[in-house]
Amino acid sequence: MDRAVGKLQTLVRIPTVSYRDPEQQDRDAFGGFVEELRAQFPLLHEHLELTPIRTTAGTSGLLFLWRGASSVRPVVLMAHLDVVPVEGDWQHGPFSGEVADGEIWGRGTLDDKGALVAVCEAVERLLEQGHTPAQDVWLSFGCDEEIFGEAAPRAVEELRGRGVRPWVVVDEGGAVASEAFPGISRPIGVVGVTEKGVTSLDLTVEGRGGHASTPSRMGPTARLARAITRLDNAPMPASVPAPTLELFRRLAPHAPLPVRALMANAGRLGPVLPRALVLAGPETAAMTRTTFAVTTLSGSPAHNVIAQKATAGVNIRVMVGDTVETVLEHVRTAIDDDQVRIDVIEANEPSPVSPMTSADDGFRLLEETITEVFPDAVAAPYVMMAATDSRSFTTICDRVYRFAPFRMSKAQRQAIHSYDEHLGVDAFVEGVRWYQRLIERIPSE
Ligand SMILES: [Zn+2]
């Protein structure tokens, strides 16, 4: 078996789980991971310059610099070493790193230790061959991505302080996805060119409370419930953003005949297309608009007590084209009740859209490397629904791409943040090759 597989197994076995409460963080695991990484990749640690990115939780992100022939157009390869907690029933232990049926099992194999180890292995192999990259290559590995932590913003500050303006950033996100679109048999190498902004609100209603035997109408709980229902009944207008149109245009030649022309001309369909995507289900609907999900709820502590205060948390994914301000305005109008207080808990705008056509040499670097290593795949841009560390890098870089070079089935994509996370042995080895070829292909000017 390829030697990189053993390295991934070893690192998956170290439970670098991120918790929002820093007290729960297993600092020994994070420290152990960094040490083990050093043991597994000796040449990388010998030749690359390491700047630890310390966080207040006592863990460290890693920022490596591999000096290239030029520093004019630096490339940043990102990954993160933390994972989400384990849930559900696993076929193989979540920290076993077991290899069974041609798959490597465990938390982090897909998200995101697989990419981290593949990047390091690609660098290690190129160093063995005496390769010098055409441009500086930075490796930025976060330690708190899963809790929207500090490591990525601090790494960006470090780069900014050193006057580094990356030409291209590659982070997790897309994949070589099979079964992504009904009727399209080819895998799609989806490259995230933007991501939705994550924003959270609390809706709160306060009232007199009192004894449950003498209720009055429209108490805090009922008023809050009405607000939630009103919001649920008022989705934001749907539209199809440019990356999705480009995705459809590229998929069109591989689509079944009846829809081929429709996909190729998606941009000219007007409101028909977003309407169809909304009707097709929650996943495609989320591709067209800002979404609201009511997540937390709290009210009275006992059955016989009327709540004095009822609160609902709303998690919002802000679509490209919307802003936090326009979304808040929509929420106020939809709820239409000034007794419902709206507090913004966190506010993040959608990320700027990176260049996404073959005319751009940065996008082309990814596209051509995808086509070379995965000749059966169609490379295409898309809008990412989830958030990654790379959003911090959009302040210093115009070309931020979210792509993990691994073949993933639908079941595998669903295993991320869930149970039975696993990565194919062959897929992992292909991924190592992808990073290696990407680095070799970095143009000198
Ligand atoms: Zn991740």
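The structure is a predicted model, in which local features require pLDDT of at least 70 and side-chain atom pairs count only at pLDDT 80 or more, whereas totals for chains, interfaces and linings use all residues. Residues are numbered from 1 along each chain as its sequence is written, and side-chain values use heavy atoms, with hydrogens and water left out. Helices (H or I, at least four residues) and strands (E, at least two) are DSSP runs, numbered from the N terminus.

Helix α11 comprises 12 residues, 324-335, and its first and last C-alpha atoms are 16 Å apart, close to the 16 Å expected at 1.5 Å a residue (the expected span is 1.5 Å times one less than the number of residues). Its buried residues (under 20% relative accessible area; exposed is over 50% and partly exposed in between, with a 1.4 Å probe and protein chains only) are V324, V327, L328, H330, V331, A334 and I335. Viewed down the axis of α11, these residues fall within an arc of 155 degrees, so they line one face of the helix; the arc is that of the directions from the helix axis to the C-beta atoms. The helix is followed by D336, which has a positive phi near 50 degrees.

N315 is buried, at 18% relative accessible area. Beyond its neighbours within four places in sequence, N315 is in contact (heavy atoms within 4.5 Å) with V198, T199, S200, T291, F292, A293 and T295. Its C-alpha atom is separated by 10 Å from that of V344, which is 29 residues away along the chain.

In soluble globular proteins, nonpolar side chains tend to be buried together. A nonpolar core is taken here as a set of buried Ala, Val, Leu, Ile, Met, Phe, Trp, Tyr and Cys residues joined through side-chain atoms within 4.5 Å. The largest such core has 69 residues, and those with the most contacts inside it are L44, L77, L139, F141, F428 and W434. Helix α4 (residues 113-128) gives the most to this core, contributing 10 residues. Apart from it lies another core, of 21 residues, with L203, V205, I316 and L328 among them.

The zinc ion has as protein donors H80 (NE2), D111 (OD), E172 (OE) and E172 (OE), at 1.9 to 2.6 Å. Donors are N, O and S atoms within 2.8 Å of the metal (3.2 Å for Na, K and Ca); water is not among the atoms, so sites may look incomplete. The angles among the 4 donor atoms range from 53 to 146 degrees, and the site is irregular. Four donors count as tetrahedral if all angles lie between 85 and 135 degrees; four count as square planar and six as octahedral if opposite donors are over 155 degrees apart and all others between 65 and 115; anything else is irregular. Along the chain the donors follow the spacing H-x30-D-x60-E. H80 in strand β3 (residues 70-80) and D111 in the loop between β5 (103-105) and α4 are 31 residues apart and link distant parts of the chain. H80 is buried at 1% relative accessibility, and D111 is buried at 7%. A cis peptide bond, with omega of about 10 degrees, joins D111 to D112.
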